[in-house]
Amino acid sequence: MLRGMRNLFLLAAALAVAAFHGHAASPARPNVVVILADDLGYGDLGCYGHPTIRTPHLDRMAAEGMRFTDFYSAAEVCTPSRAALLTGRYPVRSGMAHDRFRVLRNRSTGHLPAGELTLAEALKTRGYATGMVGKWHLGVWSINPAGHPRRHGFDTFLGLPHSNDMDPAAAAPRGAPGRPDQDPAWWNAPLYRNEDLVARPADQTQLTRRYTDEAVRFIRDHRQQPFFLYVAHTFPHVPLFASGAFRGTSRRGLYGDVVEELDWSVGQVLETLRREGLAENTFVFFSSDNGPWLIMNQQGGSAGLLREGKGSTWEGGMRVPGIAWWPGHIPGGAVNTNLASLLDLFPTALTFAGGTPPPQRPLDGFDLSDTLLRGAPGPRDTMFFYRGTRLFAARHGRWKLHLWTQKGYGQPQPDAHEPPLLFDVNADPGESFNLSARHPEAVADVLKQIEKHRATLTTAPSQLESVEPPAAKPQADPSPRR
Ligand code: MG
């Protein structure tokens with residue numbers, strides 16, 4: 001009897017130790033999956049409070065993982081934000097921040113510099129297979145082959161070189177009466193597999209589906225080795241398109257249809273990981289490249305209670321959803337209120353892979369592994385908000401200081417603030433009440449953080465030169481229109 005009880009006790013102790021180790025110790029080289037939405041706002045998901053967009057798969061991902069309340073993209077528009085995600089560096093360091101009105105267009109000659117180290121390249125040195133699906137927006141390889149994702153660490157690629165609104169079939173300004181934005185045939189976006197054009201125009205109603213199939217296939221094909229998969233969705237960037245299964249189904253209208261299809265796609269990826277037995281060996285992160293494109297009216301998303309959206313350094317332009325998932329390692333149902341950013345995915349994923357960032361290269365990302373796995377306080381206490389190369393604002397702890405602000409997307413003239421505007425973004429996330437007169441010590445403190453940050457900066461030359469298409473010579477179209 002006693003011996004039986006002792007054996008039971010030993011068994012229970014062994015199980016407890018196994019459970020502890022299972023939770024605390026990370027498997028060597030987990031897979032890494034980053035899923036990025038385009039222009040999805042802070043308030044656009046069920047788990048971030050949207051009342052009518054249904055996102056059961058992302059809500060479940062958050063319930064099984066960790067949802068960040070204060071997660072920032074690293075720029076207010078697409079290209080610099082993606083450069084920051086892949087390099088862990090503010091875009092001023094790589095030259096990807098310049099000239100925001102010509103942020104890599106479909107005729108741009110610039111691209112992510114070869115000297116930058118991408119997360120894909122860093123993980124390859126740790127033995128990872130690397131694949132990308134979706135929108136690249138860091139170089140147009142039909143103009144300059146050095147801009148292709150396969151020149152920047154990805155083994156395989158399926159997707160578009162840039163945004164889905166950059167190849168209209170005819171020149172007509174946005175909002176022009178009669179412009180057929182909702183006719184998929186009017187857009188001429190090219191879809192590539194690796195270097196090969198597979199369709200032009202890409203059927204945008206099928207893009208989310210196609211990306212999803214590709215992501216699922218990539219996971220199945222690489223189940224035996226560590227992999228890094230970067231799924232950068234084309235939507236909900238306008239023009240909006242959903243497949244037949246989703247079109248007309250959301251109470252939020254077309255924008256809701258599109259987000260609900262993205263949610264389905266996330267569900268397919270997570271379900272594939274579960275089915276293949278990879279869930280407990282895969283770190284997945286979901287986010288958005290910048291805030292909602294509010295000037296698109298009902299076709300733009302929502303920043304929830306945050307001020308402004310895409311193109312702006314108010315909170316709505318850069319605070320975005322951030323959800324981490326790694327069953328058995330990241331505690332389920334956790335809400336993390338630490339500051340964190342897309343910049344942090346580079347050093348975090350590299351730490352999980354057992355690597356370290358090269359020491360000579362200034363890095364703006366912080367390793368979040370302790371806060372993700374053990375709920376430790378986050379290592380980040382500042383966030384800097386740039387438009388182009390100009391530092392508009394900075395956050396330090398609860399305080400956010402604006403030196404410059406911008407009214408709405410695309411307005412040419414920003415406003416300078418002297419003294420700067422100060423908001424307590426914990427108490428006032430909507431940035432409504434300027435406290436600079438009441439808290440001069442906080443103003444001084446954030447200014448000191450800005451000076452410290454500036455002392456580390458050597459800005460790189462612009463990589464975003466743009467050339468206009470030749471006036472008389474129409475572009476050759478290498479495949480028949482469908
Ligand atoms: Mg975007």
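The chain comprises 11 helices and 14 strands, where helices (H or I, at least four residues) and strands (E, at least two) are DSSP runs numbered from the N terminus. The structure is a predicted model, in which local features need a pLDDT of at least 70 and side-chain atom pairs count only at pLDDT 80 or more, while totals for chains, interfaces and linings use all residues. Residues are numbered from 1 along each chain as its sequence is written, and side-chain values use heavy atoms, with hydrogens and water left out.

The pLDDT, the predictor's confidence in each residue on a scale from 0 to 100, averages 89 over the chain, and 88% of the residues score at least 70.

Of the 482 residues in the chain, 58% are buried, that is, under 20% relative accessible area, as against exposed at over 50% and partly exposed in between (1.4 Å probe, protein chains only). Of the contacts with a separation of 6 or more, 73% link residues 24 or more positions apart.

A magnesium ion has as its protein donors Asp38 (OD), Asp39 (OD), Cys78 (SG), Asp289 (OD), Asp289 (OD) and Asn290 (OD1), at 2.1 to 2.6 Å; donors are N, O and S atoms within 2.8 Å of the metal (3.2 Å for Na, K and Ca), and since water is not among the atoms, sites may look incomplete. Angles among the six donor atoms run from 53 to 160 degrees, and the site is irregular. Along the chain, the donors follow the spacing D-D-x38-C-x210-D-N. Asp38 is buried at 0% relative accessibility, and Asp39 is likewise buried at 2%.

Helix α2 (residues 56–64) and helix α7 (residues 254–275) have axes that come within 7 Å and cross at roughly 50 degrees. The contact involves residues including His57, Leu58 and Met61 of α2 and Trp264, Val266 and Leu270 of α7.

Asn336, in strand β10 (residues 334–341), is buried at 6% relative accessibility. Beyond residues up to four places away in sequence, Asn336 touches Met66, Arg67, Phe68, Thr69, Asp70 and Thr371.

Note on methods. Tetrahedral: all angles 85-135°; square planar, octahedral: opposite > 155°, others 65-115°. Axes fitted to C-alpha atoms, helices over the stretch in contact; angles between N-to-C directions. Contact = heavy atoms within 4.5 Å.
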